[in-house]
Amino acid sequence: MKELSADKIDKQILVDIDPYRTRVVLVEDGVPVEFRMERRSTEKLRGNIYKGAVQNVLPGMSAAFVDIGEEKNAFLYIAEAVPIDRLYDTELPNKPGAASVSDIVRVGQDVMVQITKEPIGTKGARASTHITIPGYGLVLIPNVDFVGVSKRITDEHERARLKQIINNLRPKGMGVIARTAADGSDSDVIEEELLALIAEWENIKRTYNCSKAPKLLHREESLISATVRDMLKPDVCRLVVNDRQKYEQIVAIAERYETGLSSKVCLYDDKLDMFERFGIESAIDAALSRRVWLKSGAYIVIDQTEALVSIDVNTGKFVGKADFRKTVVETNKEAAIEIARQLRLRDIGGIIVIDFIDMEDKTSRNAVLDTLRNAVKRDRTKTVVLGMTGLGLVEVNRTKRRESIQMQMHTVCPYCNGSGYVESAETVALRLRRALAARIAEHDDAVGYTVTAHPDVIRLIEQHGGEVAHELGGRTVRWVRSSDMHISEFLVKNI
């Protein structure tokens, strides 16, 4: 394969295939900005359409739980259960004096739902009755009368042209959105895709009518297929994959979507690992790090919790070349651009709070906010920058649809239970002494004990040898130092 140079690349997609997982990275200007992973052993649910059965209706939560045949029931919020054409109705349930969720769904009722958010932690999947069927250039919304055009298509003449074509082609009562890839498409191309999406919807309805709940009606495409559909657009320079079988599959999918699209697909056949060549592995490692260094010498610290994500900006080694105010603004701007990239790369969702370095004047704060807002515009996931407080705190809301990279690739530490802290050697030493005292009380006839612990713990205990000897009451102890043992662990046995 022809040598690829990352520094000359505008946009490219790298697809890494191994026996255990598929990994997809979107690279912009040589820098990884999006990461997706699909394990062979785990099936994703988001995008799947089910015939579900309502199991519980909870008016106090304005929600219901729907059995979709998975381990956990799906969560259906009232706004996702109301017919979409009533979303902005003044009589929308859950408003004061209006109907409750029990007026919308009832226990035992069959309902068609689509998964909008993957199960995360202890929470089940999030479901909606507002069905959408995405294609390459169009999205079909079968249960609403609506025509829309992607905001990324900015030319007003083109927007009007697409709306006119879609209005002439779509069945009455069905909704269609033109995606960015539809920009410049001929009427024949739009009609062909629309007919295919409608046929898919008709097949889903037929399966629903002749099946018993719970039943999977439509499975969302695999990561590879979804990558071609959602990411391989005209502005992408190339898609590189390191597996010949998947290469042929991607070429076939690309040819089905758009003429000439398959020419962007390349097979990587070098002996050197593809992700290593393009520096992707180190970028993923950095994405999993708590501290991220910036080119200037400043750094950001990212802490993820179940409720929100906090990001702290620090000057670090950056001292600037001008006055302090300019140094702070430059640092905050650089951090804003990197934060936007990290949100995409880590796939962080929910509430994000950013603690920028304090800026006294409004002009500086607005400049940093504008930098952040411009940086998140490239994010395909809806991201809203809400504003900055006087303390320099910025709240960002990013749609959360799946687990972040950290949650996908890490597990909770069995020693700190996710807190990030473990007991100090002093704390463990005191706990060990209490355990010895309890052992003596329980086995008063023992002549001595063997204690295995971390060397740092034993060293601290030996510094207080007189106190320990008094507690032992003449019994002997054989101390065994084990560097392989975690500092919070120890083992006490009778001799």
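Let me start with the largest cavity, whose lining divides by class into one nonpolar, three polar and four charged residues. This is a predicted model, so please keep that in mind throughout. The residues that line the largest cavity are Asp-347, Ile-348, Gly-349, Thr-381, Thr-399, Lys-400, Arg-401 and Arg-402, and the space inside comes to about 40 Å³.

In total, the structure holds two cavities of 30 Å³ or more. The second largest cavity, with a volume of about 30 Å³, is lined by Arg-433, Leu-436, Ala-437, Ile-440, Val-468, Glu-471 and Leu-472. By class, that lining has five nonpolar residues, no polar ones and two charged ones. Helix H11 (425-442) and helix H13 (465-472) each supply at least two of the lining residues, and the largest share, four residues, comes from H11.

Two or more lining residues come from each of strand S17 (299-304), strand S18 (308-314), strand S19 (350-355) and helix H10 (405-409), with S17 giving the largest share, three residues. Sorted by class, the lining of this pocket has 16 nonpolar, 16 polar and eleven charged residues.

Which residues of H5 are buried? They are Ile-250, Val-251, Ile-253, Ala-254 and Tyr-257, and because they cover an arc of only 165 degrees around the axis, they sit on the same side of H5. Arg-244, Gln-245, Glu-255 and Arg-256, on the other side of H5, are exposed.

As for the cysteines, a search of the whole structure finds zero disulfides. Cys-266, for example, is in no disulfide, and the nearest cysteine sulfur, that of Cys-237, is 7.9 Å away. Cys-210 counts as exposed, because its relative accessibility is 65%, where the cut-off for exposed is over 50%.

Finally, the chain as a whole: it has 13 helices and 24 strands, its C-alpha atoms fill a box of roughly 95 × 65 × 55 Å along the principal axes, and 46% of its 495 residues count as buried.

Technical notes
Residues numbered from 1 in each chain as written. Predicted model: local features only at pLDDT ≥ 70, side-chain atom pairs only at ≥ 80, totals over all residues. Heavy atoms only, no water. Disulfide = S-S within 2.5 Å. Buried < 20%, exposed > 50% of the residue type's maximum accessible area, 1.4 Å probe, protein only. Nonpolar A, V, L, I, M, F, W, Y, C, P; charged D, E, K, R; others polar. Arc of directions from axis to C-beta. 1 Å grid on protein atoms, 1.4 Å probe; cavity = no way out; pocket = protein on both sides within 12 Å on 5 of 7 lines; lining within 4 Å. Points joined across faces, edges and corners; volume = space filled by probe spheres on them.
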